[in-house]
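Open the model in your viewer and keep the sequence panel beside it. Each stop below says what to select and what is there.

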Amino acid sequence: MTDAYLNRIATAVPRFEVHDFFLRFAASKLRDDPRRQAVFRRMADRAGIARRYSVIPATEDPEGPVIDRDGMFRRGAFPSTARRMDLFERAAPELAARAVAGLELADARAAVTHLVVTSCTGFSAPGLDLEIVERAGLDPSVERTQIGFMGCYAAVNALKLARHIVRSEPQSRVLVVNLELCTLHLKETADLEQLLTFCLWGDGCSAALVSAEPTGFRLDSFRALLADNSRELMSWAVRDDGFDMVLSGAVPAAIAEVLETRGGEVLGEVAPERIDLWAVHPGGRSVLDAVERSLHLPPDALDDSRAVLHDTGNMSSATVMFVLERMLRRARPGDRGCGMAFGPGLTAETFRFEAA
């Protein structure tokens with residue numbers, strides 16, 4: 001059976017850095033409750049995030065009546081889902097085009113046979129897939145697949161699909177694009193848990209090429225783990241005022257439990273200490289801590305994941321690809337890797353890989 005390889009990865013983020021702005025905006029929603037405001041500031045400081053990027057051009061004053069320079073996000077009158085989707089439709093193609101350009105496909109564009117696009121933060125039709133075909137100069141007959149609303153683990157499912165395609169049609173060259181504009185769904189709320197959840201999210205896009213060419217990472221052994229009795233811990237729902245993300249504080253413990261009890265299904269006969277590269281989706285500092293503890297990993301095993309969290313926050317499906325991009329630059333032939341990402345369900349999508 002033909003092997004499939006993750007040959008190249010390129011990433012892009014919007015030009016507006018907003019982390020401190022969003023923290024100050026969130027804190028302003030708690031100004032009438034100094035105790036909860038202090039709790040928010042303390043927990044936000046512990047998040048392990050220094051920068052996040054957004055397609056929303058923030059104003060100079062996060063405590064003012066208008067949050068963005070375009071006047072969409074006005075206190076007391078945040079935009080409807082329809083207006084947020086209008087912004088997605090305008091901003092997403094440009095960011096996707098930048099990520100795809102980073103692959104430097106040049107003449108190889110004509111050889112791309114399949115396009116797989118994931119997103120859970122925006123929808124339109126004709127959609128992002130056709131915009132990518134046009135802007136990247138792909139053959140209009142390229143086979144297109146969209147993976148929607150699967151959350152942070154969607155990138156793993158996209159790689160799984162790309163692997164299936166290459167193994168069934170070895171001449172295939174699959175372009176995988178993961179794009180999320182999480183910050184579009186900024187909410188006006190004084191709910192502490194919701195505010196803390198939103199302080200994780202950033203916008204970003206990854207593009208990758210998967211083929212039978214033996215360069216990069218050989219993809220292998222995909223496995224999904226579904227935690228018992230945990231559906232309510234993580235969910236993503238369309239509302240009138242944007243999409244609502246529920247991320248319970250019990251998520252890290254649920255992830256730790258499923259990895260402790262079923263981690264052997266992911267690694268097979270390979271002991272954790274034989275894994276050189278841990279590409280773990282940085283859903284938050286506590287999530288990474290839970291993975292490290294449950295698998296008894298050394299303190300530096302998740303350095304790449306923690307660096308991505310620090311530099312860009314949680315960009316939903318694109319984030320684990322940012323981690324893999326860092327690893328692809330430094331991996332040595334024969335290095336073994338394990339990737340995993342977590343999302344609604346509560347589901348852990350996992351895979352193994354090896355550097356060619």
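How many disulfides are there, by the rule that a disulfide is a pair of cysteine sulfur atoms within 2.5 Å? The count comes to zero.

Before going on, two notes on the model. This is a predicted model, in which local features need pLDDT of at least 70, side-chain atom pairs count only at pLDDT 80 or more, and totals for chains, interfaces and linings use all residues. Residues are numbered from 1 along each chain as its sequence is written, and side-chain values use heavy atoms, with hydrogens and water left out.

**Stop 1: the cysteines**

Select Cys199 and Cys182. Cys199 is in no disulfide, and its nearest cysteine sulfur, that of Cys182, is 13 Å away. Cys199 is buried, with a relative accessible area of 7%. Here buried means under 20% relative accessible area, exposed means over 50%, and partly exposed is in between (1.4 Å probe, protein chains only).

Cys205 is buried, with a relative accessible area of 0%.

**Stop 2: Glu180**

Select Glu180, which sits in strand 6 (residues 173-181). Helices (H or I, at least four residues) and strands (E, at least two) are DSSP runs, numbered from the N terminus.

A salt bridge is a side-chain nitrogen of Lys or Arg within 4 Å of a carboxyl oxygen of Asp or Glu.

Show Ser119 and Cys120 next. The side chain of Glu180 makes a polar contact with the side chain of Ser119, at 3.3 Å. A polar atom of the Glu180 side chain also lies 2.9 Å from the backbone nitrogen of Cys120. A polar contact is a pair of N or O atoms within 3.5 Å; within protein, one must be able to donate a hydrogen and the other to accept it, and residues adjacent in sequence count only if both atoms are side-chain atoms.

Leaving aside neighbours within four places in sequence, the residues in contact (heavy atoms within 4.5 Å) with Glu180 include Thr118, Thr121, Asp203, Met315 and Ser317.

**Stop 3: salt bridges**

How many salt bridges does a search of the whole structure find? It finds 23.

- Select Lys29 and Glu188. Their closest N and O atoms are 3.4 Å apart. The pair links distant parts of the chain, 159 residues apart: Lys29 is in the loop between helix 1 (19-28) and helix 2 (34-45), and Glu188 is in the loop between strand 6 and helix 6 (192-198). Lys29 is partly exposed at 24% relative accessibility, and Glu188 is partly exposed at 30%.
- Select Asp129 and Arg144. In this salt bridge the closest N and O atoms are 2.6 Å apart. Asp129 lies in helix 4 (residues 128-136) and Arg144 in strand 5 (residues 143-148), so the pair ties together parts that are 15 residues apart in sequence. Asp129 is buried at 5% relative accessibility, whereas Arg144 is partly exposed at 40%.
- Select Glu349 and Lys160. Their side chains meet in a salt bridge of 3.1 Å, N to O. Glu349 is in strand 13 (residues 347-355) and Lys160 in helix 5 (residues 154-168), so this pair ties together parts 189 residues apart in sequence. Glu349 is buried, with a relative accessible area of 6%.
- Select Arg163, Arg218, Asp220 and Glu354. These residues are linked in a network of salt bridges.

**Stop 4**

Select residues 251-267, which form helix 7. Where does helix 7 bend? The bend is at Thr261, by about 60°; a bend is the angle between axes fitted to the seven residues ending at a residue and the seven starting there. Among the buried residues of helix 7 are Val251, Ile255, Val258, Leu259 and Val266. Gly268 follows helix 7 and has a positive phi, near 60°.

Move to helix 9 (residues 303-312), where the buried residues are Asp304, Ser305, Ala307, Val308, Leu309 and Thr312. They pack against strand 3 (53-54), strand 11 (277-280), helix 8 (285-294) and helix 10 (319-330). Helix 9 is followed by Gly313, whose phi is positive, near 75°.

Terms used: A disulfide is a pair of cysteine sulfur atoms within 2.5 Å.
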